[in-house]
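Subject: Handing over the structure, with notes on what was found

Dear colleague,

I am passing the structure on to you with this email, and I would ask you to keep it open on your screen while you read. The notes are meant to be followed with the structure beside them.

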Amino acid sequence: MRKYVIALLVFVIIFNGFSSIKELTDLAIVKAMGIDLTEDGKYHISAIVIDTSDSENTNSGIVYEAIGDSVHDAARNIVGISPKKLYLAHMETLVISEEVAKTQTENVLDFFIRDNEGSNAFYLFIANGAKSSEIIDIINTEKIDMVSFLQATEKYRGIANLKNLNEIIKTILKDGDEICANSISIKDEKIVINDMAYFRDWNMAGYLTSQESVLYNILINEISNIILSVGQGDNLIVAEVMDSKSKISIENEDTINIEIKIKANLSETSKDIKITNSEKLEEIENNFEEKINNEMLVFYNKIKNEYNSDILGFGNLLYRKKNQLYTQDNYLQKLNVNVNTQVNISNQGGINKTW
Amino acid sequence: MENLIEYLKSRLKNLDDIYFRELNIKNKKVFIAFSDALIDSSLVSNFVIRSLVDIISSDELEDKNNLKSKIEEKIGINSKKIDLENSIAINKIKKLDKEKDNLFTYILSGFVLIVLDENIYAVETKASLIRGISEPTSENSVRGAKDSFVENIMTNIGLIRRRIKTEKLEYKETKIGTKTNTTVGIMYVSNIAKSELVDLVEEKINKIVIDGILDVNYIQEYIEEKNESDFPVSINTERPDIVSYYLLQGRIAVLVDNSPYVLILPAFFEDFINNIDDVYQKSKNVTITKIIRYMCLILTVMVPAFYLSLITFDQESIPTELLTSFAAQREGVPFPAFIEAITMVFAFEILRESDLRSNKISGNTMSIVGALILGDAAVSAGIVSPIMIIVVALTTISGLTFSDINVINALRKWRAIYMIFASLCGLIGMAMATILFVTSLVSTNSYTKSFTYPVAPLNMTQVKKSLFTRMAIPKDHTRQKILTNNLTRSRE
Amino acid sequence: MVEKESKEIYSFGVSCIFLSSFLAMFLGLGSYIMFNLSKNDTYIAVIVGSVISLGLFYIFNYIFKNNNTSNLIELNKNLFGKIFSKILNGMLFITFFIIACIIVFNISNFLNIEYLSDSSINFFKVLVLLPIVYICSKNLSVIIKANQIFTIISIVFILIDILGLYPKFNIINIEPIFNTSVPDLFHSILIYIILSIVAFCMLLVTSRNRIKDKDRASSIIFKMIVFSNVVQLVIIFATILVLGEDFISIFRFPEYIALKQFSLFNLLERVENILALHFYFNSFYLLTFLFYYMINILPGKRFKKYYSIIICIAIYIATSLIFKEGIVFYEIVNSSIIYVILIGMLLPILLIFFKMIKNAKKSKINV
């Protein structure tokens, strides 16, 4: 009896299990993908597929392009050119053009939420002033490792952040929170990571400036070792940030408190700055604090009036703390913000500048 | 007496190694029969025959002046009754009865048959046809004693009795096999082992009716008759210190003449993985060794199946660089992954089998050739990919951690089952194969006890003592409840 | 002939039945229903529900302790008359059949979506049902011992999951606290209690006499019930903290999606397909115990070894006809499961309980 059961089991498996086999040689492992809109509303996809005959180089490969009515349709049309089906589980970069971001984001991203092979751990970029297929071409020819590029930018320049698609979709789905996405542009045939783009619900609405991108990343705690500078000319002081924490909380009905704590080291001072005692140090710290406070307030006014998009997540904060202000339509205009920064300069680079 | 001699000669007509000799000492007729192949010839000539001559001649002194004896001397008969049993100086002598005992068994067991005064005596003069005590050939002992059993059952019992010197170590023997008459015995410590188990084993052994017992495996198959699983439920060992260790726990040892292996029962699954050498090492270091051994068990069964299911079904679990490297390697290989895996596993099994068969002269060369073939040549020829060789080599090396050949064969079968399931359904197939494997292990009976003893009916004290850690010997006060009723180690 | 020690059942094995049945009912089915009702306040429902279900334990403990020789089916025959016990057993049989259909469809759906998405779902139903036929032919003690091993493996896997998901916990995802309306919360608590009744029923599969150390049985089972509720609470907490309110209601198997973010020491990533296999093991053993009950309810001795195949085919046909797709399945289960279990399982248990109290009082009066 037991033997018949096992034999039947194997029989059933043989006739049905084979349909899901994906041999390694049938997979086109996609490294990066770009989506564009053509003139008649179709999607133009370009994908970098890793070339397995050259196994030492995993950063570039062959670029395939195809056009289709939907994202999935276009991805299948690539099979017309390449002998293998696209395999999206190891994808690292997705570049979408501005037209797609402004109108079609929801349609495009639905494909990625529903697809089960991947875990949506890749990074989203907006193609700033160029077509995404051009950007994909340059990434391929220059063999750029986008992940380390992005990580270095996030750490040292601060105008990009490391949120992958999962977290972006989570933020879009939240009420009262809007996202800012990284953007890439081409300059002298090289890739440059540019300022962030802000969204309103599912669609892109504009770009922040570079300085505002840095402030935004400070506020959402996605920043590491950027540099701050105050003064100019012979009064220039430059400090390197070691650690920065920001905390946003509700103070009362219509005021929000932002507290920022920064620890920095002095890295470069100009001719006229001589730090001889602790009061001078405190004065320099206060200069930094004032500058950041002012910039934050200007940034917030601009968000309120010009951008009109709640990228700092105040609405979600109100919803979570059950503040009734959130249910009104223009809650953003009615909120006031207090900014309080604390800069702590811990060392001066081990020297005492006495010359 | 003449009838007896004629009877013996006629029955032993075609056995040319049996010698008959008639002696006439002082008118006493003595008749000797023995098998030249089995006796120690110096013992027979210097001792038996000389003692016979001395005994028969020496009695003359007393009755020299008796009238009866003088008359008898003239006629030519000698009517003195000699009680050979009480006068000959030899260690084993037995008086036989023609009807009841089988005379031929004694001749063919190395005894000398002496017919004297209508009595038949059997005197033991066995030649020593065995090798000396040497190192164990199939088991390695790192720190323990290095003597091993030989083919003589009495020597084996001696090696065990050297270690356990108590009168409670009982030994019962029977002779089994109509043509071979092999001695089979069981040993146990009577106030530790459970008497039901001893009765069970004795009953099973006494029921055996067979032509001949050549090895201990014959007995093993008889007493394990109802065991349908692939794993053995008794331990086969060649080392007397292992046998003594298990006897003191309350297990039973079965010894068979002409076999240097001793059977120990009951056996549990953890005994095939743990090694007695753990007791000879520091107890804290043994934990990591045991963890490595359990991981070897899992590795040897599951690694080829795991590799197959990752390559063909779930490629997302592999890191990206490794995936491109695998894909590059598999580009040049014409076969699907399953055929490649089966071929490599089969080739390694051939290598292992030829290693067991080849003698010392050609052994080294052939294994080098085998490694060369499987290594570089197969890869360069494009038949297999390099990662497959690593996978299969890892499997085979982990499989060699187990010393019992039955266990290695059973694991080999389950490795094949895992590979088939994994190549058809991926990780789900491996899950189903795991369910079948665990069920097969759990349903094995080891002499009415569960095979997966500390784990399946969970017994936390035993788990702490021997599953992953070894309790230090001074703290180990009690014996296991499943093997014995006498729990505490006391002074008697 | 000495009685075989390998056919003995120990109390730890019996208590592991509870844990595996509990986890099988919740992961993927119960948690999906509860998450749709009370999004990120589900942990409150779990805490309140587990406290109330300890009260259910009292009823089961009474039944367990005060009869020594029979399991649930024989108990019906002993306590009530012939006709009434046949009606009760028939109701139990239909309830077990429906729950078996639900579990088969649930696990097949899970395997189809997450593992091999190109095969059809009928393949998975056969794949799940056929090993059960093989294992049902074994003795009860073998099934309980194997279940014990797999329960220990499940606990180890769950611990590894928590360890790997811990860096991704985001405490903000818990807020807003207590945002769901009170009727929805009550509905959620009711679902929790109802689904745990199934696990309690599986405990009565063996009679108390067969357990070797029966004096400790009740206390071990109680500790295991508390442990199962804690494990369920930890799993639901982990899912909420990783995913957050909005994501939870989108996915069909939210625990699996939370597990996709597993990363242990930045080394092992995307290994969720290995770690989620304990769901398969637990569902498999819950099905085995349901089959064991069903085979013992059906009368007749001659064809007993063919009953398991007949029930398998019946389940296969029933799931193909009734549950055509995931959404249909969810609607049917959501609307009807409370009544099915209340009438089909809780009612017979309560009847047995009251009858036993009445019998105990009668014997006291007589003496």
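What follows is a walk through the chains, one topic at a time.

Please keep in mind from the start that this is a predicted model.

**Chain A as a whole**

The C-alpha trace of chain A spans about 85 × 55 × 55 Å along its principal axes, and its secondary structure comes to ten helices and 13 strands. Of the 355 residues in chain A, 37% are buried. If you take the contacts in chain A that have a separation of 6 or more, 67% of them are made by residues 24 or more positions apart.

**The two domains of chain A**

Chain A is divided into domain 1, which covers 24–207, and domain 2, which covers 225–355, and the C-alpha centres of these two domains lie 33 Å apart. Where the two domains of chain A meet, 15 residues of domain 1 are in contact with twelve residues of domain 2. On the side of domain 1 of chain A that touches domain 2, the elements that give two or more residues are helix 5 (146–156), strand 8 (190–200) and strand 9 (203–207). Strand 8 of chain A gives the most to that side, with three residues. The residues on this side of domain 1 of chain A divide into seven charged, five nonpolar and three polar.

**Strands in chain A**

Strand 7 and strand 8 of chain A form a hairpin with two residues between them, and in the turn Asp188(A) has a positive phi of about 55°. Strand 7 of chain A (residues 180–187) pairs with strand 6 of chain A (residues 123–127) as well, this time in the parallel sense and over three bridges. Here Ala127(A) has Ile184(A), in strand 7 of chain A, as its bridge partner.

For chain B, the domain assignment gives domain 1 (2–124), domain 2 (153–267) and domain 3 (286–450). The centres of domain 1 and domain 2 of chain B, taken over C-alpha atoms, are separated by 37 Å.

Which residues of helix 8 of chain B are buried? In this helix, residues 216–223, they are Val216(B), Ile219(B), Gln220(B) and Ile223(B). When you look down the axis of helix 8 of chain B, these buried residues fall within an arc of 105°, so they line one face of the helix. The cover over the buried residues of helix 8 of chain B includes strand 7 (182–189), helix 7 (195–206), strand 8 (235–237), strand 9 (252–256) and strand 10 (262–265) of chain B.

**An exposed residue in chain B**

Ser190(B) is found in the loop between strand 7 and helix 7 of chain B. Is Ser190(B) buried or exposed? A residue counts as exposed if 12 or fewer other C-beta atoms lie within 10 Å of its own, and Ser190(B) has 12 of them, so it is exposed. Apart from its neighbours within four places in sequence, Ser190(B) is in contact with Lys168(B) and Glu170(B). Ser190(B) and Lys94(B), which are 96 residues apart in sequence, are 29 Å apart in space, C-alpha to C-alpha.

In soluble globular proteins, nonpolar side chains tend to be buried together. In this model the largest nonpolar core has 283 residues, and those with the most contacts inside it are Val30(A) and Ala253(B). Helix 1 of chain C (residues 11–37) provides the largest share of this core, with 17 residues. Leaving aside neighbours within four places in sequence, Ala253(B) is in contact with several residues, including Ile186(B), Val243(B), Leu247(B) and Ile264(B). There is also a second, separate core of 20 residues, which includes Leu8(B), Phe34(B), Val44(B) and Ala122(B).

**Where chain C touches chain B**

The contact takes 26 residues from chain C and 24 residues from chain B. On the side of chain C that touches chain B, helix 6 of chain C gives the most, with five residues. The residues on that side of chain C divide into 17 nonpolar, six charged and three polar.

With best wishes

Definitions and conventions: Residues numbered from 1 in each chain as written. Chains lettered and ligands numbered in written order. Predicted model: local features only at pLDDT ≥ 70, side-chain atom pairs only at ≥ 80, totals over all residues. Domains from an automatic or database assignment. Contact = placed C-beta atoms within 7 Å. Helix = DSSP H or I, 4+ residues; strand = E, 2+ residues; numbered from the N terminus. Nonpolar A, V, L, I, M, F, W, Y, C, P; charged D, E, K, R; others polar. Arc of directions from axis to C-beta. Core = buried A, V, L, I, M, F, W, Y, C linked by C-beta atoms within 7 Å. Pairing = 2+ DSSP bridges.
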